[in-house]
Amino acid sequence: MEDDNYYISLCKNPIRFEPFSKSNNVFFDDANKQVFAVRCGGAMGVIMKGPEEKVCVSFRMEDRGEIVSIKFSPDKRILAAQRYLKSVEFLNFQEDLTTDQQEYSQACKGRATEIRGFVWSSTNEIVFITTAGLEHYQVIPEKRTLRNLKTLSLQVNWYFWLASSSILLISSGTLGNILHPFQFKQPGVMTRLPKFEADLPAGPKPQKLSLLDRDVTMAVIYDHLYVVVLRHPLNASSGAEIVLYQLQKESPARKTDVLKLDMSGRFAINVVDNLIMVHHQASKTSVIFDIHLDAKSDGYVNYHYPVLSPLGIKPFKLLLPSVNMQAGIDKTEYNCELYSANWIVFQPDIVIDAKLGCLWTLELNLAPLVTMIPDKDKLIQFLLYRTDSKSVILSVCAQMLVPGKQASLQSLAKVYDMLNVTYKQFLDTETQASAGEASIRHVNSKVVIEQSDMFTHVFSVFEDYKDIKYKFVVAVLIEYIRSLNQFNIPVQHYLYELVINILVQNSCFYQLHQFLQYHVLSDSKPLACLMLSLESVYPPAHQLALDMLKRIQTANEEIIEVLLSKQQLLPAIRFIRSVGIVDNAQSRKFLEAALSTNDNMIFYTVFKFFEQRNQRLWANPRFQQGEHCDQYVKQFEALFGSESLMPLQPVQ
Amino acid sequence: MASEIKEADHRASTSDSEAGNVDLLETNDIPGNSDNTLLVVSDSYADLNYVDINDSDIKSHRGTINALVKKKAKRGNSVTTADDGIAADANENNGRDDEDVSEHIDNTSGNNVENDSSEVSVDDSQDDCLEQNLADLSLQETEDIPVSHLIRSTSDSDYVNSLEWKQQRKHIFILSDSGKPIYSRHGSEDKLVTIMGVMQALVSFVQDSEKDNLRSIVAGDHKFVFMTRDHLTFVGISRGGESTQQLLLQLTYMYNQVISVLTHTTLTRIFKQHRNYDLRRPLSGAEKFFDNLLNLMDVEPGLLLTSVRCLPLDSSVREVISQTILQHAKVKDLVFALIIAQNQLVALVRMKRYHLHPMDLHLIINLINASESFKTAESWTPICLPKFDAGGFLQAHVSYLDEECQSCLLLLSVDIEAFYILSECKSRIKERLIRYNALEAINASLKKRSYSIQACSITDLRHFLYKARSTAQYTSPEFETPYHTKEEQERLFSLYYYLHDRIHTSGRPLKILFHVGQYETLLGWVTQGFELYAVFGPLVTKMTAIHAVNKLLRWIKREEDRLFILSSATF
């Protein structure tokens, strides 16, 4: 299968747009993920396509010069376009994306300053990044004016805007390695986070800008914000590496991880499903890093190697309407060139081929990975951090039990522990959420494998493969139960039932007995009932069940029923006495059972017991009307004579 | 007190374990105790083990009658009553062996009564028999059973193998040490010759090697207990709950019964002369005593406890009765005077310095119980009381005081010729007792039966046996529901046997035992002063049982004047 060989692929349905040409400029706004195709400066029309739009939106603009940058506000009501170095023009849009063509403009401050770019920091706020610093404006579309909120002076080499976190990263300094993060969390407020310096390989002389914007990107990985810096090697012998700086709120960003690439040349970085995906153009391969997997650490920084050896992206075939000369065929299959020079990569997972007019998102295929990572611990660990990996994990777990591929109990134990760590975390947050705690629920990206999943998808293997030895089956189940217990997760009854059934089927009653006696299988009412049903094949199960019911402490009624059904009248009475429910005991039930023993001594004892109870409760040894014990009183008189009834005490 | 409860067997006390100390009643106030003892206090059960089974016991008591007779003779000499043949004889025989004296008494007693009083119907079959046997003896006639006779007829072995015989709950055999059958509780001894031979073989085989003795054999749920005394082998076989010691006690009763009929002296002499002697002959007619004694053992706890039950009477009534006897039976040589009603002691007057042993009293009760002939007329019968004196006979004047033959007056004397004097005494006693309404009181008490367990008003207490050790008397309530059927009574009895054994077991005697059984809870408690065996419902807790027992002791203390004879009257 072709699928088995590639774990990275391009999405099946790319966004298509008119390819880049002399008359057609293509822009991509990575904040809104919108592609703009601008023909002849807008006069011939602007076509915008974004992930939200089903069809392309087109509108016209006056051609007042070549557009350098074009971006919609997040609500698509204001279009900002830059044509000149010193100003940005704005155009208001209606809800149906029609425009009145009346532009208004805002120039940057200072004579020598130039606008390097702009970003929408919120619906109607815009930040100009100029050569001299930042200018924060509020756009007032009704008045067609802008209001300056804040201006900040800073030498700017380049900038990077991460829209999802509203973080703006500014490169400053001669070498470009002084990085200033700014946060625009609330409208109108610009928060300056501590600046930090990205370390560079031995500084070149003379000093020049050496940290370039193409080598720096930002990404959210496992809920943390990172500045990802690609560091090229000084000489060809060593490989390039990627350095991750984790942004901190109060302190400068900290260098936490280094990803070793062992290659050099041009790289592109994407982040897919919390994995850092590095594409190497020269070798047309990609590698992935998972910073949560085990890594070497020198105490400060973790050094990571690729999860897998480099492998290319899965070939992509595009069905094109016949654009070439071959008439007669409506559509031709076109093998897209992968890692082409025309590729531009955007965060987090976007690949654009401007020449081809395609916008893809990258996807990770987990199924092929299963065979590529032989170490099951690592595999499960890796898979657990992926979204939508549940079915893959379950199939891996199931595979580990299939004869011929059976894993050792040790590795099964490790795997189950990993599964249950996340399961426990999930349960804890669940209970917190249900307890109504106002804390914002921490969105756990990890996949949760619950007991029911294991039961239906993994342990069902035992049904499918009859040749699995029952000892192994029991061992696996006990291992899983052990793991659940270790994390204080209440074990579901069906797991116990499975263990017990297997033991019973194989007549391992003594083992079962020991499991119960040493509380390997936790007590529960259904389990006790199951044990009761096993009495016919294993008599001690009866006592085990009773003991269990007693330990449960809420099963008094059941215990009484069981004892009475076994005609164990005296134990039943001792039991109700020991738990203090004599007063509410249904005397009729007891007398009935006593009579059914055909043992007069027992009947006598039980009758006398309830007589005494009656005497104590109502100062009268006779049974109350509601107890319907008349027939038993008659029976008693017939057997022992009415003089044997407890005499009525005279009223004092 | 806490230490006492600790010694109770914890294995038996299942469930219902309550925390805290259970306080037992202070036992310095023991109900039914009296310094003025009436019966010999000897815990024959406790003494009973194989080491003690020898004849020293018997020998130590021998000569009591002789002493009395000597005393009488001395007195007789001084008074010089010429017609006192016996005294003269006794006097003459002074220098001789004890045996001879008593034998002489034996002989003369039978003769005298038979010859002198034709109107008195004596239960003399045994005497006749004895007489004849002695005659046989003198003829040196030995009856040797041919060997072919021993390994005989299939019908005999068929009988032994029959289900009916095999399924008997308890077998008792008496055989001579030559293997001759003497008595069997079930079946005719004639048919059991073979099996008796086997038993004797077993006993003698063990005996042959190094002075060993065969004590008991346990086979399945059967227990075989052997006891050899005076050339006799007693074998008890039971599948009931009796322990070896308890069976041994029963065999001892059997032995005492043999002595009671023959006297120890006669017994030893017979076998001294003829090892092969068939003892069935002198004992013929005594089978009913054996049978009755064995039946009594199955229903009368007094034999197990070696104590006597007294008829509940107001102390004033009892005082009247004993005073009446005391005043109107002031006859020389009268050793004991007692009234017995339905196996219960009503009153006992004794000669100073002489005590009646409970075991002897049981033999007396058995004597009355087993003989219907006493009911028809006053009787004059010899009886040997082994604990009193195994060497000779006492003469018993037996008569019933009322028409219904409930209350039986016994006057025991060493004087063989005292019949008429004693008969007169009896008439006077009877007259006075009627006058003082004492007989009426006895009959009323008998009709009322003993007393109900409900009288103690202790819930869950079903039955009990209480023995006051110093007076060798016990009391227990009537059998009531749920022990109203024979089967349940037998079961209850075996429970008492069990409890008694567990407490008195020689290996580990207990002071307190709390035992939860299938149908009832048992509490046994033994102190210096008393033994108490109480039966509760199975649901009783240890705590409530102890409280109930304390309450019971207080109740018995309150009732002790009625239930026990605390003062003994002496001539």
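## Overview of chain A

Of the 652 residues in chain A, 34% are buried. The model is a predicted one. Its chain A contains 16 helices and 33 strands. Among the contacts in this chain between residues at least 6 apart in sequence, 48% join residues at least 24 apart.

Confidence in chain A is expressed by a mean pLDDT of 80, with 92% of the residues reaching 70 or more. Over residues 438-442 of chain A the pLDDT is below 50, and this stretch has four contacts in the model beyond near neighbours in sequence.

Strands E16 (residues 167-172) and E17 (residues 178-183) of chain A run antiparallel and are joined by six bridges. Within this pair, Leu168(A) stands opposite Phe182(A) of E17(A). The two strands form a hairpin with five residues between them, and Gly173(A) in the turn has a positive phi of about 90°.

E17(A) also pairs with other strands. With strand E18 (residues 191-192) of chain A it pairs in the antiparallel sense over two bridges, and there Gln183(A) has Thr191(A) as its bridge partner. Two bridges likewise join E17(A) to strand E19 (residues 196-197) of chain A, again antiparallel; Leu179(A) stands opposite Phe196(A) in E19(A).

## A six-stranded sheet

Six strands of chain A make an open sheet with mixed pairing, in the order E20-E21-E22-E23-E28-E27. Strand E20 (216-221) and strand E27 (296-297) of chain A are at the edges; each has a single partner strand, so one side of each lacks a neighbour in the sheet.

Inside this order, strand E23 (residues 254-260) and strand E28 (residues 302-304) of chain A pair in the parallel sense, over three bridges. Val258(A) stands opposite Tyr303(A) in E28(A).

## The largest nonpolar core

Which residues touch the most other members of the largest nonpolar core? They are Val227(A), Ile276(A) and Val606(A), in a core of 320 residues. Helix H12 (residues 244-262) of chain B gives the most to this core, with eleven residues. In soluble globular proteins, nonpolar side chains tend to be buried together.

Leaving aside residues up to four places away in sequence, Ile276(A) touches Ile221(A), Ile242(A), Leu259(A), Ile269(A), Val271(A), Ile288(A) and Phe289(A).

## Helix H8 and its surroundings

Helix H8 of chain A has 13 residues and reaches 18 Å from its first C-alpha to its last, close to the 18 Å expected at 1.5 Å a residue. Its buried residues are Leu495(A), Tyr496(A), Leu498(A), Val499(A), Ile500(A) and Leu503(A). They pack against helix H5 (451-458), helix H7 (470-486), helix H9 (509-517) and helix H10 (525-533) of chain A. Just after H8(A), Ser507(A) takes a positive phi of about 55°.

Tyr494(A) also lies in this helix, which covers residues 493-505. Is Tyr494(A) buried or partly exposed? It counts as partly exposed because it has 15 C-beta neighbours inside 10 Å, whereas a buried residue needs 20 or more. The C-alpha atom of Tyr494(A) is separated by 8.0 Å from that of Phe455(A), 39 residues apart along the chain.

Helix H15 of chain A has 19 residues and reaches 26 Å from its first C-alpha to its last, close to the 27 Å expected at 1.5 Å a residue. Its buried residues include Asn600(A), Phe603(A), Val606(A), Lys608(A) and Glu611(A). Among the elements that cover the buried residues of H15(A) are H13, helix H14 (587-596) and helix H16 (630-640) of chain A. Ala619(A) follows the helix and has a positive phi, near 55°.

The contact between the chains takes 13 residues from chain A and ten residues from chain B. Helix H13 (569-578) and helix H15 (600-618) of chain A each supply at least two residues of the side of chain A that touches chain B. H15(A) gives the most to that side, with seven residues. By type, the residues of this side divide into six nonpolar, five polar and two charged.

Definitions and conventions
Residues are numbered from 1 along each chain as its sequence is written. Chains are lettered from A and ligands numbered from 1 in the order in which they are written. Two strands pair if DSSP finds at least two bridges between them. Helices (H or I, at least four residues) and strands (E, at least two) are DSSP runs, numbered from the N terminus. A residue is buried if 20 or more other C-beta atoms lie within 10 Å of its own, exposed if 12 or fewer, and partly exposed in between; C-beta atoms are placed from the backbone. Two residues are in contact if their C-beta atoms, placed from the backbone, lie within 7 Å. Ala, Val, Leu, Ile, Met, Phe, Trp, Tyr, Cys and Pro count as nonpolar, Asp, Glu, Lys and Arg as charged, and the others, Gly among them, as polar. The expected span of a helix is 1.5 Å times one less than its number of residues. A nonpolar core is a set of buried Ala, Val, Leu, Ile, Met, Phe, Trp, Tyr and Cys residues joined through C-beta atoms within 7 Å. pLDDT is the predictor's confidence in each residue, from 0 to 100.
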